[in-house]
Amino acid sequence: MYDEKGRQYLDCINNVAHVGHCHPDIVKAADEQNQLLNTNSRYLHDNIVSYAERLSKMLPEKLCIFYFLNSGSEANDLALRLARQYTKHEDVIVLDHAYHGHLTSLIDISPYKFRNLDGQKEWVHVAPVPDTYRGLYREDHEDPVTAYANEVKTIIEQAHKRGRKIAAFFVESLPSVGGQIIPPAGYFQKVAEHVHKAGGIFIADEIQVGFGRVGKHFWGFQLQGEDFTPDIVTMGKPIGNGHPIACVATTTEIAEAFAATGVEYFNTFGGNPVSCAIGLAVLDVIEKEHLQAHATEVGNFLMKLLEEQKIKHPIIGDVRGSGLFVGVDLIKDQAERTPATAEAEYLITRLKEESILLSTDGPGRNVLKFKPPMCFSMEDAKFVVDTIDKLLTDMEKEYLNQQKTSTHST
């Protein structure tokens, strides 16, 4: 990226510009379709059908009905409506620190937001994040998958005692705002079992991590195993490489229950010819440039370099991730794993001065988050990690000098 003075920056966090800023193929697709026709979605056009067919090939077979929208928030709001209409229930279970969008309905199911606003609604239930580094059940627990899933089971049982009924478990496939978390494999299956038994459905929010970012798979939820399929998947951000597109994929049964109200779902610009042309172009670029395999290769290299820094710098408590979705948990001490919030903020400020754009997330704002455009290279990874190494070394020297000064003064 370049600022208004022409200064170059390396972008390590822009998962919206999925295949790269201003990718020529995406720009060309938008321009050509704009010159031909763009109109609202009451007018029939082949692009929306072609795009739905392409997306269907990337998803499990049962997810065969598609709704197109303009933003991830719209997609998640629609997913909530679909769940409630299908189940005839109201309540939603979410993970702590989750963020699902800026609409009123989504602020209500986003602890990251509502804890600072009007608080938790009666119909919202918050489960602990399945974080095996600093969560309730950690890497030394004999079975963290079952333990975390049982927390959801307990929430359901307590809700039932109060006469509440669960419509959905709503979760980011890889919690991002929560601290770049990788839920242990098998967790979604066990949670889905409890939720389905309660008459609810499972919604996977892929808005941050879909479209090959995790490398091994096209979707984040697929990291859980081949035996898991959500009832609804929502998509946004990377789907249009910066153009406002979003999508909800679901089953025939859920879609039919929604249509049975007799109230049609209509979105003026959702699925318009230009948006769908761009969506198709994004899929073409991912395939043509082998970006999913690239994410695995570069992501593994980045993780290896960061693991080496973890050995060298005690402030790095954990390195976790998959593909080009990586988190570096900075801590004050190894025993308590206290978030190194101030140090993380200082580090990203210094990185910006070195022309590297990186930011923090997590409840303690201490987790460095890597979600770069998928064209991020081996050279980029090495440059970033070398710079982090240099800055952390300088920070450690400064700390030692302060300690010496303090000792002398006493």
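Q: Which residue in strand 10 stands opposite I316?
A: In this predicted model, I316 faces L330 of strand 10. Strand 9 and strand 10 (residues 325-330) are joined by six bridges and run antiparallel.

Q: What makes strand 9 and strand 10 a pair?
A: Pairing asks for at least two bridges between two strands. Strand 9 and strand 10 have six, so they count as paired.

Q: What is the strand order of the open sheet, and is the pairing parallel or antiparallel?
A: Four strands form the open sheet, ordered 9-10-13-12, with antiparallel pairing.

Q: Why do strand 9 and strand 12 stand at the edges?
A: Strand 9 (316-322) and strand 12 (359-361) each have a single partner strand, so one side of each has no neighbour in the sheet. From one strand to the next, the twist averages 30°.

Q: Which helix packs on the sheet and touches strand 9, strand 10 and strand 13?
A: That is helix 10 (residues 291-312), whose direction makes about 170° with that of strand 9; strand 13 covers 367-370. Helix 11 (residues 341-353) lies across strand 10, strand 12 and strand 13, and runs at about 155° to strand 12.

Q: Why is S176 called buried?
A: The cut-off for buried is under 20% relative accessible area. S176 has 0% relative accessibility, so it counts as buried. S176 sits in the loop between strand 5 (166-172) and helix 7 (187-197).

Q: What makes the pairing of the S176 and K371 side chains a polar contact?
A: A polar contact needs N or O atoms within 3.5 Å, one able to donate a hydrogen and the other to accept it. The side chains of S176 and K371 are joined by such a contact at 3.0 Å. The S176 side chain also makes a polar contact with the side chain of Q180, at 3.1 Å. With neighbours within four places in sequence left aside, S176 is in contact with Q208, F325, D361 and K371.

Q: Why does E264 count as exposed?
A: Exposed means over 50% relative accessible area. E264 reaches 54% relative accessibility, so it counts as exposed. E264 lies in the loop between helix 8 (252-259) and helix 9 (273-288).

Q: Which residue does the side chain of E264 join in a polar contact?
A: The partner is R42, through a side-chain contact of 3.5 Å. As for S110, it is 154 residues from E264 along the chain, and their C-alpha atoms are separated by 28 Å.

Q: How do you know that the protein is as compact as a globular protein of its length?
A: The protein has twelve helices and 13 strands. Its radius of gyration is 22 Å, close to the 22 Å that the globule rule gives for 410 residues, so the protein is as compact as a globular protein of that length. Along the principal axes, the C-alpha atoms fill a box of roughly 80 × 60 × 40 Å.

Q: How many of the 410 residues count as buried?
A: The share is 54%. The accessible surface of the protein comes to about 18500 Å², with 51% belonging to carbon and sulfur atoms.

How values were computed: Residues are numbered from 1 along each chain as its sequence is written. This is a predicted model: local features need pLDDT of at least 70, side-chain atom pairs count only at pLDDT 80 or more; totals for chains, interfaces and linings use all residues. Side-chain values use heavy atoms; hydrogens and water are left out. Helices (H or I, at least four residues) and strands (E, at least two) are DSSP runs, numbered from the N terminus. Buried means under 20% relative accessible area, exposed over 50%, partly exposed in between (1.4 Å probe, protein chains only). Contact means heavy atoms within 4.5 Å. Axes are lines fitted to C-alpha atoms, for helices over the stretch in contact, and angles run from 0 to 180 degrees between N-to-C directions. The radius of gyration is taken over C-alpha atoms; the globule rule is 2.2 Å times the number of residues to the power 0.38. Accessible areas come from the Shrake-Rupley method with a 1.4 Å probe; for residues, only the protein chains shown count as cover.
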